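Reader: Hi! I'm new to reading protein structures, and I'd like to go through this one together. Could you start with a term I'll need?

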Amino acid sequence: AQAVVDALLATIGTDGTLVMPTHASGLSEPSYWQHPPVPESWWPIIREETPAFDPEVTPSRKMGVIVECFRHYPGVRRSGHPQVSFAAIGPNADAITADHSMENPLGEASPLGRLYDLDANILLLGVGHTNNTSLHLAEYRADYSSKEWSRQGAPVLIDGQRRWVTFMEIEGDDGDFDQIGAAYAASGQGRSGRVGNGAATLMTARSLVDFATLWMTEHRT
């Protein structure tokens with residue numbers, strides 16, 4: 001993991017900014033938990049006792065060892081959303097991670113929205129488009145009839161005090177992300193290759209999100 005992070009930092013140089021999603025998906029409303037669910041009698045205990053999200057301490061979850069290694073690097077900044085934070089290092093790190101909106105946390109007022117504005121390069125390294133977090137921004141922008149929102153909750157620190165807060169977020173669905181990625185590649189956009197034994201795909205944020213927004217509007221019902 002360290003070798004990969006070092007290679008990415010060497011590639012972008014001191015003028016570049018490296019960003020990775022550092023989601024802590026375990027900090028969530030327990031009434032939605034599955035695989036396994038927890039008894040309803042536990043819900044208030046979980047809401048009262050789960051440690052608050054701390055950008056410096058809270059580990060990422062299901063994001064992989066490269067991400068978990070990267071968030072510990074000196075100088076890395078991490079956004080403050082308790083579920084879908086992003087970590088960044090470089091000249092634009094503060095601008096990308098600051099003021100991460102609690103509501104609609106993968107929408108316009110999120111690091112994804114700022115990466116779109118910067119027309120960042122998106123690199124999938126050893127994963128497919130099902131893991132392409134940037135496609136969630138397209139979900140907020142697309143107009144399709146099945147779009148739904150849910151009320152989530154998580155523990156955060158406010159003025160040094162732990163509080164359970166609630167917020168609205170879109171019901172994301174990555175079930176067609178690979179299909180979107182295949183259609184995007186078929187349109188002649190993005191570049192694919194190999195890094196070691198892994199498949200890699202490189203694309204720009206604007207071209208992908210714009211393509212996916214139109215695709216979802218047309219195909220999701």
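Author: Happy to! Two strands pair if DSSP finds at least two bridges between them. Keep in mind that this is a predicted model.

Reader: In what order do the 3 strands of the open sheet come?

Author: The order is S1-S3-S2, with antiparallel pairing. Strand S1 (18-21) and strand S2 (77-78) are at the edges with a single partner strand each, so one side of each has no neighbour in the sheet.

Reader: Which helix lies across S1 and S3?

Author: Helix H1, made of residues 2-12, does, and it runs at about 140° to S1.

Reader: Let's zoom in on methionine 20. Is it buried or exposed?

Author: Methionine 20 sits in strand S1. Its relative accessible area is 7%, and the cut-off for buried is under 20%, so methionine 20 counts as buried.

Reader: And what is methionine 20 in contact with, leaving aside its neighbours within four places in sequence?

Author: Its contacts are Val5, Leu8, Ile66, Val67, Phe70, Phe86 and Ala87.

Reader: New topic: which residues form a nonpolar patch on the surface?

Author: Leu123, Leu125 and Val195 do, and together they have about 230 Å² of accessible area. Leucine 125 belongs to strand S4 (residues 121-125).

Reader: How does leucine 125 count at 30% relative accessibility?

Author: Leucine 125 counts as partly exposed, because that label covers values between the buried cut-off of 20% and the exposed cut-off of 50%.

Definitions and conventions. Residues are numbered from 1 along each chain as its sequence is written. This is a predicted model: local features need pLDDT of at least 70, side-chain atom pairs count only at pLDDT 80 or more; totals for chains, interfaces and linings use all residues. Side-chain values use heavy atoms; hydrogens and water are left out. Helices (H or I, at least four residues) and strands (E, at least two) are DSSP runs, numbered from the N terminus. Contact means heavy atoms within 4.5 Å. Axes are lines fitted to C-alpha atoms, for helices over the stretch in contact, and angles run from 0 to 180 degrees between N-to-C directions. Patches are made of residues with over 30% relative accessible area and no salt bridge: like charges are joined within 9 Å, nonpolar side chains (Val, Leu, Ile, Met, Phe, Trp, Tyr) within 5 Å. Accessible areas come from the Shrake-Rupley method with a 1.4 Å probe; for residues, only the protein chains shown count as cover. A salt bridge is a side-chain nitrogen of Lys or Arg within 4 Å of a carboxyl oxygen of Asp or Glu. Buried means under 20% relative accessible area, exposed over 50%, partly exposed in between (1.4 Å probe, protein chains only).
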